Amino acid sequence: MPSKGNTKSKRFLVRYTNCLLLRDHQLIRENLWSRDGIIINPEKIFFDERSVADICIDCQGCIISPGFIDVQINGGFGVDFSLDTANVEAGLQTVSKGLLCHGVTSFCPTIITSSSKQYKQILTRVQKTEGSENGAGILGLHLEGPFISKEKKGAHPEGLIAEFRRGFQDVLDMYGSLNNVAILTLAPELEQAPDVIRELSRRGVRVAVGHSVASLAQGEAAFDAGAKFITHLFNAMLPFHHRDPHLVGLLATDHEVYYGVIADGKHTHAAALRIAYRVNPKGLVLVTDAVPGLGLPPGPYTIGTQDVEIKDDKAVIAGTDTLCGSIASMDFCVKHFHASTGCSLVEALEAATETPAKMLGITQRKGTLGFDSDADFVLLDKDLNLLATFIGGACVWEKHENVTITTYADDD
């Protein structure tokens with residue numbers, strides 16, 4: 001295998017053989033070719049260039065899947081994106097690097113309800129970046145709040161929750177620039193929310209609905225205005241009711257609906273996972289909603305201004321049993337989702353790859369193994385255990401135990 005972190009390997013023509021590729025919604029036995037950090041069409045190599053690979057990697061029957069994409073992660077490895085405003089760049093670097101061993105090649109750092117001053121301090125210092133040996137790429141921020149419901153605030157500080165009094169002007173006043181924002185979660189029942197959603201959508205920001213007491217009608221109005229996503233389905237929203245299904249009912253409407261699910265075994269019962277998957281399998285997006293305690297032992301942590309405690313394999317607001325984010329990694333969520341729902345390996349992997357990329361509108365570069373897309377992918381065994389992570393064609397992490405992948409010069 002190309003040495004870990006060796007970006008020079010990007011210049012080589014590399015052939016990955018003896019593998020199962022996740023491509024076109026199926027696992028197919030086919031070689032993968034990459035060069036200069038891009039997945040390429042081998043027909044051009046054979047017929048136009050008449051080239052052979054500089055390096056051939058025997059994957060020993062492994063699955064090659066696109067790299068995982070996490071569109072909701074609050075921090076990890078001791079870093080709190082909403083609190084560590086003095087060390088934003090260092091915190092992002094720590095998390096970006098830490099995510100590689102969990103197969104995440106791109107993510108959206110998530111900021112929960114904060115003050116306008118905090119938002120502006122953070123937004124000016126978080127740039128969209130490509131991944132590398134230094135860590136996963138940043139697709140843009142996910143702003144979760146402060147335009148949410150106080151009744152469904154979860155771990156968000158109530159005193160900082162805001163409303164739309166002047167419509168979109170409140171958005172600009174709160175955040176300042178939206179240049180590096182990918183997703184914004186709001187409560188669709190707020191006055192003027194549809195107008196705000198329309199303007200955010202016009203500016204290229206994906207609008208998510210969540211932390212809400214909205215009726216189904218209010219949810220449909222939000223999607224009519226351009227909303228695309230439901231933030232952590234079932235959590236921080238009114239439950240399904242047969243006379244008003246609320247936001248959960250959006251799964252069965254005619255709208256194109258994507259929805260996040262925290263498949264950590266704590267936030268969402270296995271039966272609820274199965275229900276969501278069977279009603280709307282094409283829109284399901286796995287998210288971790290991870291907090292700073294991800295990757296660390298039990299103890300006290302934070303999320304924004306809230307004190308958090310990690311105990312019994314879950315994150316709760318200190319002194320309570322109220323869940324506030326997760327400590328599950330994305331590779332765990334993929335495996336748990338597969339085991340809980342009985343979905344196929346393809347469906348489990350696409351829920352962490354192609355579907356979030358579709359929601360963000362970036363499938364031309366991310367989330368698939370299509371030709372001309374970025375060579376960001378992971379190697380897994382048939383039990384979905386992660387073996388290696390590649391970004392831009394370079395191996396940036398590999399598990400040393402029981403890995404039988406071999407590299408040799410191609411002499412075909």
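User: Does Lys228 count as buried, partly exposed or exposed?

Analyst: This is a predicted model, so local features need pLDDT of at least 70, side-chain atom pairs count only at pLDDT 80 or more, and totals for chains, interfaces and linings use all residues. Residues are numbered from 1 along each chain as its sequence is written, and side-chain values use heavy atoms, without hydrogens and water. Buried means under 20% relative accessible area, exposed over 50%, and partly exposed in between (1.4 Å probe, protein chains only). Lys228 has 29% relative accessibility, so it counts as partly exposed.

User: Which residue forms a salt bridge with Lys228?

Analyst: A salt bridge needs a side-chain nitrogen of Lys or Arg within 4 Å of a carboxyl oxygen of Asp or Glu. Here the closest N and O atoms are 3.7 Å apart, and the partner of Lys228 is Glu256.

User: How many residues apart in sequence are the parts that this pair ties together?

Analyst: Helices (H or I, at least four residues) and strands (E, at least two) are DSSP runs, numbered from the N terminus. Glu256 sits in the loop between β16 (229–230) and β17 (258–262). Lys228 sits in the loop between α6 (216–225) and β16, so the parts tied together lie apart in sequence by 28 residues.

User: How far apart are the closest N and O atoms of Glu30 and Arg23?

Analyst: Arg23 is buried, with a relative accessible area of 10%. Glu30 is partly exposed, at 37%. The two form a salt bridge, and the closest N and O atoms are apart by 2.9 Å.

User: How many cavities of 30 Å³ or more does a search of the whole structure find?

Analyst: On a 1 Å grid over the protein atoms alone, a cavity is a set of points where a 1.4 Å probe fits but cannot get out; lining residues have an atom within 4 Å of a point. Grid points are joined across faces, edges and corners, and a volume is the space filled by probe spheres set on the points. With a cut-off of 30 Å³ or more, the number of cavities found is two.

User: Which residues are closest to the centre of the largest cavity?

Analyst: The largest cavity has a volume of about 60 Å³. It is lined by 13 residues, and the closest to its centre are Phe81, Asp84, Val88, Leu92 and Ile122.

User: Which element gives the largest share of the lining of the largest cavity?

Analyst: At least two lining residues come from each of β10 (79–80), α2 (88–98) and β11 (104–112). The largest share is three residues, and it comes from α2.

User: How many charged residues are in the lining of the second largest cavity?

Analyst: This cavity has a volume of about 40 Å³. Its lining includes Arg365, Lys366, Asp374 and Asp376. Ala, Val, Leu, Ile, Met, Phe, Trp, Tyr, Cys and Pro count as nonpolar, Asp, Glu, Lys and Arg as charged, and the others, Gly among them, as polar. The lining has two nonpolar residues, five polar residues and, as charged residues, four.

User: How many aromatic pairs does the structure hold?

Analyst: Rings of Phe, Tyr and Trp (its six-membered ring) pair if their centres lie within 6.5 Å. Planes under 30 degrees apart count as stacked, over 60 as edge-to-face and the rest as tilted. The number of aromatic pairs in the structure is eight.

User: Which kind of pair do the rings of Phe81 and Phe107 make?

Analyst: Their centres are 6.4 Å apart and their planes meet at 25 degrees, so the pair is stacked.  Phe81 lies in the loop between β10 and α2, and Phe107 lies in strand β11, 26 residues apart. Phe81 is buried at 7%, and Phe107 is buried at 0%. To repeat the kind of pair: stacked.

User: Which residues are closest to the centre of the largest pocket?

Analyst: A pocket is an open set of grid points with protein on both sides within 12 Å along at least five of seven lines. The largest pocket has a volume of about 410 Å³. It has 23 lining residues, and the closest to its centre are Pro281, Lys282, Gly283, Thr355 and Lys358.
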